[in-house]
Amino acid sequence: MLNEDTICAISTPIGEGGIGIVRISGNDAIPIAARIFFSKKKKDLKSVPTHTIHYGIIKDAKTGDEIDEALVTIMRAPNTYTKEDVVEINCHGGVLPLKRLLGLVLKNGARLAEPGEFTKRAFLNGRIDLSQAEAVIDIINSKTEDSLRLAVGQISGILSKRIMAVREELLSIIASLEASIDFVDEDIEFISKSEIGERIKRIIKELECLIDSADEGRIYKEGIATAIIGKPNVGKSSLLNALLKEERAIVTPIPGTTRDVIEEWVNIKGMPLRILDTAGIRHTEDIVEMEGVRRSREALKNADLVLLLIDKSTTLNDEDKKLMGEVKEKRGIVVLNKADLPSKVKEGEIKDFLPNKAIASISALNGDGIDGLRSAISNLILQNKVTSGERPIITNLRHKLAIERARTSLENLQASLKDEMSEEFLAVDLRGALNALGEITGETATEDILEKIFQEFCIGK
Ligand SMILES: Nc1nc2c(ncn2[C@@H]2O[C@H](COP(=O)(O)OP(=O)(O)OP(=O)(O)O)[C@@H](O)[C@H]2O)c(=O)[nH]1
Ligand SMILES: [Mg+2]
């Protein structure tokens, strides 16, 4: 075991709940628990079998102070979350009992865990690799069934297996190359340059598939940034509320009501949308509104998907037309709102400006057409995407960048092959690719990388 000290933390959310859990991991976890646990039958936790649960009172042996009644789970190494001895103390879930319990465990020799330290130990002790450790955060942060499914896939090692297979292949090429270098005088060729070329070509193709999957993966993890854009008073905030089915944003008949970007998650057919309600875009002298409009344009620029909202109960004006020009190059849908009122806008007028955009007609006020809009959104997102089975999907930018670096090394290698460089040069590029991929699973990750990854965890995980 790499870690000498025993760590502890409150592992359930702070607040009032039915139960709360303090988790302890390390060599002293069980002796510490034994010192503060008292049962009627005078059980000694140090001698109970592994993976058993025990009822008793948690008490400060020195002062006699009783903290709470508790259920204590004893799990001995190595079949535990961290591969170390782990104790979980379940007590009543209030803030105070949990804090007092934690204080008592600290007083008896444990140290407070850093964020993610339990999972870091699982990685350092070899139970999971780095990409699986990262999937733990993704599972905790999952917003939809699909993002959860991807994270669970990653924790089960779908990605690790693929990366490991590519690394094996690279290693076998390196081994043959190095043998050729060692036996250069004997004129034996262990692997031909053309065979290396072929195998590298296949590997690059595989890496490219993974890189392409990252777009899809990012969408599941970060949500599809969807900006509702339009001139003032067309019903943008009303549409946000209709999609959310709650009165989230302020709606008034006064143009210029929304001043700041409002961001909310909506689940549309299993896909997480990060919807941004924006300030109505128009020319203005008001400093506050000007800043709002600037933020609207920023949201428009960064959006994966744009819903351009137009009030169909009034004739199109220059503000609408200008916005139609601005969204031309973006993926998006033109949404004609206020369909409950007599219509002054014909679809043909929109088609003249935006011939290739889908058009939806809705009433954000009474909800008509909202289901149709949801379908239009999901069709648009699914249009250029293959749905995945067992194929790994990259959901993590760090992984994508590492794979891109591996690809660059292999492309350098292709250039070296073309220039008929010696085996030594080829081996350098191969090692570069090998190391880049090793950062994903953790074989070659530096202390800096580890620190950055585990900082993102919550304490107690
Ligand atoms: N009749 C009708 N009125 C609507 C509809 N949608 C919104 N409205 C009304 O239009 C007015 C403006 O709605 P908002 O949702 O605040 O419009 P907005 O685009 O967010 O406006 P700004 O934030 O000022 O840019 C309100 O009085 C709404 O009740 C609709 O479908 N039909
Ligand atoms: Mg608004």
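Tutor: S237 and T258 are both buried, where buried means under 20% relative accessible area, exposed means over 50%, and partly exposed lies in between (1.4 Å probe, protein chains only). These two residues coordinate the magnesium ion (ligand 2), S237 through OG and T258 through OG1, at 2.0 to 2.1 Å. Donors here are N, O and S atoms within 2.8 Å of the metal (3.2 Å for Na, K and Ca), and since water is not among the atoms, sites may look incomplete. S237 belongs to helix 8 (residues 236–244), while T258 sits in the loop between helix 8 and strand 9 (262–268), so the pair ties together parts that are 21 residues apart in sequence. Helices (H or I, at least four residues) and strands (E, at least two) are DSSP runs, numbered from the N terminus.

A word on what you are looking at: this is a predicted model, in which local features need pLDDT of at least 70 and side-chain atom pairs count only at pLDDT 80 or more, while totals for chains, interfaces and linings use all residues. Residues are numbered from 1 along each chain as its sequence is written, chains are lettered from A and ligands numbered from 1 in the order in which they are written, and side-chain values use heavy atoms, with hydrogens and water left out.

Now let us step back to the domains. The assignment for the protein chain, which comes from an automatic or database source, gives domain 1 (7–113), domain 2 (135–218 + 396–455) and domain 3 (223–383). Between domain 2 and domain 3, the C-alpha centres are 42 Å apart. Four residues of domain 2 and seven residues of domain 3 take part in their contact, meaning heavy atoms within 4.5 Å. About 450 Å² is buried between domain 2 and domain 3, with carbon and sulfur atoms giving 48% of that area; buried area is the accessible area (1.4 Å probe) that two parts lose on being put together, summed over both. On the domain 2 side, K143, T144 and R218 supply 81% of the area buried against domain 3, more than any other three residues.

Elsewhere, salt bridges do turn up: the structure holds 32 of them, each a side-chain nitrogen of Lys or Arg within 4 Å of a carboxyl oxygen of Asp or Glu. One of them joins the side chains of R297 and E326, at 2.9 Å from N to O. That pair links distant parts of the chain, with R297 in helix 9 (residues 287–302) and E326 in helix 10 (residues 318–327), 29 residues apart. R297 is partly exposed at 33% relative accessible area, and E326 is partly exposed too, at 30%.

Two further pairs stay within one helix. In helix 12 (residues 370–383), D371 and R374 are three residues apart, about one helical turn, and their closest N and O atoms are 4.0 Å apart in a salt bridge. D371 is exposed at 57% relative accessibility, whereas R374 is buried at 13%. In helix 13 (residues 397–418), K400 and E404 are four residues apart, about one turn, and form a salt bridge whose closest N and O atoms are 3.9 Å apart. Finally, D5, E84, R111, E117 and R121 are linked in a network of salt bridges.
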